[in-house]
Amino acid sequence: MSYSSFALSSEGAIARLTLNRPDKRNTMTPAFWRELPDAVNTLSDAGETRVLILDAEGPVFTAGMDISVFSDPNALTTDTAAAREAFMDAAMSLQDAFTAFERARFPVIAAMQGPCVGGGVDMVTACDLRYGTSDAWLRIEETNIGMMADVGTLQRLPRLIPSGIALELAYTGETLSPERAYALGLLNGVLPDAAALKAHVDAVAARIASRPPLTIAGIKKSHLYSRDHSVADSLEHVMTLQASIWNPHDIVEAMAARSDKRDGNFTPLAPVKRLGQDT
């Protein structure tokens with residue numbers, strides 16, 4: 001499918017979603033918020049994608065929200081209780097756009113080839129893995145323009161780095177260097193330039209894509225559940241999940257493939273059919 005705010009492509013089991021408005025610093029237009037969850041959900045339902053790489057063109061990964069989002073005065077009206085209720089409902093749809101990354105049945109890898117600002121931080125914290133170049137700094141820009149980050153940064157960042165550091169960044173609106181982000185564990189790696197970043201992320205994606213899709217999907221589900229629940233609840237959840245997706249074929253095939261030094265022929269994910277969809 002074709003999208004106006006990014007390019008979507010696939011090579012085998014690896015899909016790539018590329019922010020392709022470098023002249024606009026890859027800012028997030030109104031169309032972006034509609035198109036992103038549609039693209040991710042479509043890939044997830046099809047069951048053919050094993051990894052999604054999120055990258056961008058140009059020197060800036062993303063400068064966050066596009067100014068056009070604020071150009072409609074009616075969209076920002078909050079002078080009545082009814083308007084505030086509608087404002088909150090609309091804003092929550094922005095949250096859902098990035099939550100689509102978490103709901104996807106495959107890992108999402110963010111490859112930041114430059115600065116990541118504002119809504120970009122909301123976006124990459126919803127990804128499974130994050131890599132950046134040596135100039136891929138991050139900043140919670142919302143603080144600097146008089147508002148809270150409200151699309152996921154304040155909820156996800158403290159689960160990725162120490163909460164005190166996350167609060168420091170949110171309170172001050174200061175820039176987080178890629179070196180410090182790596183030391184804190186927010187970035188999985190820092191590469192010298194965009195070419196090295198692409199090569200490294202492609203290699204990580206290929207390795208993940210070579211693993212059994214059911215196993216990877218189960219790991220992701222278990223990890224996200226554990227993030228938001230107690231150890232006791234998470235232990236019960238993972239055993240229930242393990243029992244539901246236990247697949248002797250993949251286990252035998254994984255061991256045989258390792259012995260034969262070849263790629264495994266694993267059970268693919270089944271397509272998801274939503275109610276009302278054509279069969």
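A: Helices (H or I, at least four residues) and strands (E, at least two) are DSSP runs, numbered from the N terminus. This is a predicted model, where local features need pLDDT of at least 70 and side-chain atom pairs count only at pLDDT 80 or more, while totals for chains, interfaces and linings use all residues. Residues are numbered from 1 along each chain as its sequence is written, and side-chain values use heavy atoms, leaving out hydrogens and water.

Q: OK, which residue of β4 is the bridge partner of L52?

A: V108 in β4 is the partner of L52. Strand β3 (residues 51–56) runs parallel to β4, and three bridges pair them.

Q: And how many bridges join β4 to β6?

A: Four, and β4 and β6 (residues 129–133) run parallel. A111 is the residue opposite Y131 in β6.

Q: Is β4 buried or exposed?

A: Five of the five residues of β4 (108–112) are buried, so the strand is largely enclosed by the rest of the structure. Buried means under 20% relative accessible area, exposed over 50%, and partly exposed in between (1.4 Å probe, protein chains only).

Q: Which way do the β4 side chains point?

A: V108, A110 and M112 point one way, and I109 and A111 the other way. In a regular strand the side chains alternate between the two faces of the sheet.

Q: New topic: what joins β1 to β2?

A: Five bridges join β1 (residues 7–11) to β2 (residues 14–19), and the two run antiparallel. S9 sits opposite R16 in β2. Their hairpin has two residues between the strands, and G12 there takes a positive phi near 65°.

Q: What does R16 form a salt bridge with?

A: D202, with the closest N and O atoms 2.7 Å apart. D202 is in helix α7 (residues 194–209) and R16 in strand β2, so the pair ties together parts that are 186 residues apart in sequence. A salt bridge is a side-chain nitrogen of Lys or Arg within 4 Å of a carboxyl oxygen of Asp or Glu.

Q: Is R16 buried or exposed, then?

A: R16 counts as buried, at 18% relative accessibility, whereas D202 is partly exposed at 22%.

Q: How many salt bridges does the whole structure have?

A: A search finds 14. One of them joins the side chains of K220 and D128, at 3.1 Å from N to O. K220 is in helix α8 and D128 in the loop between α3 (119–125) and β6, 92 residues apart. K220 is buried at 6%, while D128 is partly exposed at 24%.

Q: Which residues are linked in a network of salt bridges?

A: E102, R156, R159, R227 and D228 are. Within that group, R227 and D228 meet at 3.1 Å, N to O.

Q: Last one: which residues form the nonpolar patch on the surface?

A: V231, L235, V238 and M239, with about 400 Å² of accessible area together. Those areas come from the Shrake-Rupley method with a 1.4 Å probe, and for residues only the protein chains shown count as cover. Patches are made of residues with over 30% relative accessible area and no salt bridge, joining like charges within 9 Å and nonpolar side chains (Val, Leu, Ile, Met, Phe, Trp, Tyr) within 5 Å. L235 belongs to helix α9 (residues 231–245) and is exposed at 55% relative accessible area.

Conventions: Pairing = 2+ DSSP bridges.
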